[in-house]
Structures are given as structure tokens and as C-alpha cells.
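Let's walk through this model together, one neighbourhood at a time.

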Amino acid sequence: MLTANANGDTHHSFWPRVREYAVPPSMIEAASARRRAGDWAGACAAAGYEVDLDLRAAARAHGREFASLVRADLRHLAPDLLRWHFPRVAPDGLLRPGLTSTLARYPGAGRDGVSPVHLVVRTAPAWADAGQRISLALWDGSAGLPAGRHPRPDRRFRLDLHRHLWDARAAGDLRGQSGADRESTAGGPPRGEGPDPWRPLLPPGPRCAVDRWAAEAEILLRAEGRPATGTFGVRLGGGRRLVLEIHPGEGEFGLRPAPAPADGSAAALPLLPDAATWHLPDLELLRAGVIGPDHLHPLVADALAPGRPAAGPYRPSDPAGQPRTVECRGALHRIGLVDGVLAPLDHDPAEIRREELLVALTGTPLPCLRAIDEAHRRPDCLTGVRERLDHGDTAGALAVVEGLLGPAALLRDGALRDELEAAARQRITYGLYRAGLALPGPGRDRPDRHCPGLRRSHGRSHPRHATTRWPGRAASARPRTPSSSLLRTPR
């Protein structure tokens, strides 16, 4: 199994971390500003998307009317909102890898005049992922796409029936679709009670949105051109699948179990989308008091908490650049930024030069110098830097590093430098994948070798667990500046 679905994780510990790092406020602000200005391509660029479609080519292939429909959807696409709601996997909350998801379907626009054309978004496979990039494209069923791109849309993760998850025009519908406008049965139905034999098959916890399944299934069946009281399937993860039938007045939720087809065609039944299977995590976190509305995406907060005081995106406190205290030889000394470099503030330059010479001769450094070295190698903010790099917020990670060490600092060997170099190497792999020059090979089918977030979950060795050492001549021979050039051209 490649990954674990996020719906099986501990939500009150998993989702707050995702909401803090996965879609940073700077991305939301930039993408929203460009979308409101009518620059949909600029909004996609600000939200970390690759645009793999050409509207002029689409007009030549499928007609101008089709191109106009696609252009209208793109102008109202909120790529940051889509990233916010996109399916994620445990344990790190990264985007589900190797997924193609349909945003909109345009019936009769295919080359045969019958089949639909899909507006889709894709994520890279785990071995090639870098920066959590998402690509936007059109799919008409043709097979002439590079191998490894996962071209076929996944019907389990379709979003064309839930436009409120990506279309700014429909974002307000999230309140009704999620059940926030009524008393929610957030705890789910009482499993094992009553006449419904399928209730004990539900996973534990408050995640299943059983109270919405009948209504969502009717929408699904109508979209598939089937009777509104037909049979459909529900996938609950871990290989569990339910076959249910809409039957008004049956049980508590108007559903009853249906026998699985004996000919093995259960997989061909309409499948309830993942977005309709589970309760919205943001609503659960709000009701549990784990997060507040200001921690949410503005469009999500407007839908789930209308009437709240106007406020911008949540911004955590940033102590960057503030001096810190260190206990040094029986006194409290300060270390802070001086001329763009982290330095001791309560030692004169002559004393520092003597101490550095002593260190070069294998002596014991001052506590102030040890604290500065620890900040270069394994700082307290390393976890935050790692999370930002894993979720693609390279600018935010570098801002944290520069706020701690200064914009003119030279990185020393250690866990921090290893994280930045690993991110740079993975960006090269992603570039080769995008260019069609890298394909899965020996070992690349194991995502823990190429995906930092998944690698940690398997407990494999990683440079971040290396022992911290005081910099000698060998360690200082290859200093680097924590800037964007480090991630573009690793040595």
C-alpha cells in the first residue's frame, strides 16, 4: 500500500499541522489577489500549480464554445482553496501522490462528439514529488501521454460534483454541503444499534458523514444518468466497501444494504466521492475548539463562521531577529543578528577570535558559540523548516532560516543544511519528471526513498538524525548561504 488515507489518522493532531503549513497565508493572499484581478494563470502560479493546457489548442480541437466554458471555470478557479481541500495522506498531510482528479466535465465535447472532456488536476508520484506541485490539464480519454503521469481521473476523488471545494462562485455552498447550517450528527450514527446491518461496518470515530450519504448519492446517480433510488458503493479505506441502496423511509438515513452483484461487477457501481463520504475536518476542528475561524482559509471561514469580525489569514507570531539569551560562564549573554549574521553580543571581537583559535585547536568553545553552532546545525525551528519544505513552502522555510541565522549566514554541516540540500535535489528529480526524462526505476516504486515526508514514517535513516559536531576546518570548507540559489543549484 502506497500511503495511508488521512481520514484514518488522529484528526485533532493531524489536521491542525496541515492547516498551519500546507497552504501558507502568503500563498492565499497572492493567489486570491490575482484571481480577483482576472489573472487565473497568475493565481495558479502563486498557488504552486503547473498549467498544462492551451485554450487556443482546445478551441481548435473541441470548438470555441467549449473553450469559453473552460475559460469561465478557470477564471473562477481558486487554486489555493483547491489545495486546501485536496485529498491528503498520513502521517505528514502531504497531497495524495499520483492522483488525477476531475474538476469539471464537459459532456459531448470529446473528439467523438459523445464522450466528455475533463478539466483535471494531477499530483506527481511520490518518487518525483518536490514542492507539492499540482498540474492543471484537460483530459479527453486519449492515451498519448507520457508514462507515469497517471492520466485517467480517479472517480473516488472526483470534485466535479463538489464545486464549492474549488470554485470561488460556489464557495458559500460549503456551509450547506458540510452540514454546518444544522445540528450535526458529528458523532455518526450509533453503530451496532437498530435494524441497519451495515452500521457495524463503519469505522470508529466521527468521520463518516452518513447523514449526508443519501442526498449525495442522489446527486451522484443523477450525474451518472441513473435512477435516483439506485445502488451505489462507498469506500471506507483499508479495503472496506459498502454497497447501499437509497430507499426513502428505510431506517434512520433512508439507506439500506444491497447485495453485491454476483458477477463481480460491484466495482462498476457508481462510487460515492471521497468528499461526500467523510465529515469536513475543518468543521470538526471548529466544533471541538481546536482551531478558530482565523486559522482557516478565508473562503472556508466565511462559509463555516459567517458574521465573524473581518480578519486576514491567521499569522503565527514570528520572533525572528529578536536576541536570545544563553547562560555563559555564570551570566546571561545575548546572541543576535549583527550585519546579517548571528553573533554573540556580549563578547568583544578579540575574545571571539581567541575562542575560535582555541576551537580550531580542539578546545572547548564558549557556550555562546556553541549555541550559535547549534542554531546553524540543528536549530529549534528545524521541525517548522522541515514541515514547510515538505509542503512546498520554500520561501517560508528560507525566511525562517534567514530570520534565525541572518541573510548573510554561511550554513554549516548539519541537519538544517541536509534538509535544504535534499529539497534542492528533489526539485531536480521533479524537473526531470516533468520533462519526461525520469521514469520509475529500481527502488523508485518505494516512495520512502524519495519523499521526505513518507520516509520519516518508516523510520529510515536520514541525515537529519546525524550527530551534531563543532565545525572544524573540514566542516567550514563548504559554507553555503540559505538563499533560493541553494535550492536551485545544489553542489
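Helices (H or I, at least four residues) and strands (E, at least two) are DSSP runs, numbered from the N terminus. This is a predicted model, in which local features need pLDDT of at least 70 and side-chain atom pairs count only at pLDDT 80 or more, while totals for chains, interfaces and linings use all residues. Residues are numbered from 1 along each chain as its sequence is written, and side-chain values use heavy atoms, with hydrogens and water left out.

First, the overall picture. The protein chain contains 18 helices and 13 strands. Of its 491 residues, 49% count as buried, where buried means under 20% relative accessible area, exposed means over 50%, and partly exposed lies in between (1.4 Å probe, protein chains only). Contact here means heavy atoms within 4.5 Å. Among the contacts in the protein chain with a separation of 6 or more, 66% come from residues 24 or more positions apart.

Now find helix 14 (residues 382–390) and helix 16 (residues 415–434), which pack at an angle of about 5° with their axes 11 Å apart. Helix 14 is therefore roughly parallel to helix 16; that label is for angles under 35 degrees, while over 145 counts as roughly antiparallel, 65 to 115 as roughly perpendicular and the rest as oblique. Helix 14 brings Leu382, Val385, Arg386 and Leu389 to the contact, and helix 16 brings Ala415, Leu416, Glu419, Leu420 and Ala423. Sorted by class, this contact has seven nonpolar, no polar and two charged residues. For these classes, Ala, Val, Leu, Ile, Met, Phe, Trp, Tyr, Cys and Pro count as nonpolar, Asp, Glu, Lys and Arg as charged, and the others, Gly among them, as polar.

Stay with helix 16 for a moment. Its 20 residues reach 29 Å from the first C-alpha to the last, close to the 28 Å expected at 1.5 Å a residue; the expected span is 1.5 Å times one less than the number of residues. Just after helix 16, Gly436 takes a positive phi of about 75°.

Which residues touch Ser135, not counting those up to four places away in sequence? They are Glu50, Asp52, Val120, Val121, Arg122 and Arg434. Ser135 itself lies in strand 7 (residues 134–139) and is buried, with a relative accessible area of 9%.

For a contrasting serine, go to Ser68 in helix 5 (residues 64–75). Ser68 is partly exposed, with a relative accessible area of 42%. Its C-alpha atom is separated by 9.9 Å from that of Ala58, 10 residues apart along the chain. The axes of helix 4 (residues 55–62) and helix 5 come within 7 Å and cross at roughly 145°. There, Leu55, Ala58, Ala59 and His62 of helix 4 meet Arg64, Phe66, Ala67, Val70, Arg71 and Leu74 of helix 5. By class, this contact has seven nonpolar, one polar and two charged residues.

Next come the strands, where two strands pair if DSSP finds at least two bridges between them. Strand 8 (residues 231–237) has five of its seven residues buried, so it is largely enclosed by the rest of the structure.

Six bridges join strand 8 to strand 9 (residues 240–246). Thr231 has Glu245 as its bridge partner in strand 9, and Gly237 has Arg240. In the hairpin of these strands, with two residues between them, Gly238 takes a positive phi near 65°.

Finally, look at strand 12 (residues 331–338). Five bridges join strand 11 (residues 324–328) to strand 12, and the two run antiparallel. Four bridges join strand 12 to strand 13 (residues 341–344), also antiparallel, and Leu337 stands opposite Leu342 in strand 13.

Notes:
Axes are lines fitted to C-alpha atoms, for helices over the stretch in contact, and angles run from 0 to 180 degrees between N-to-C directions.
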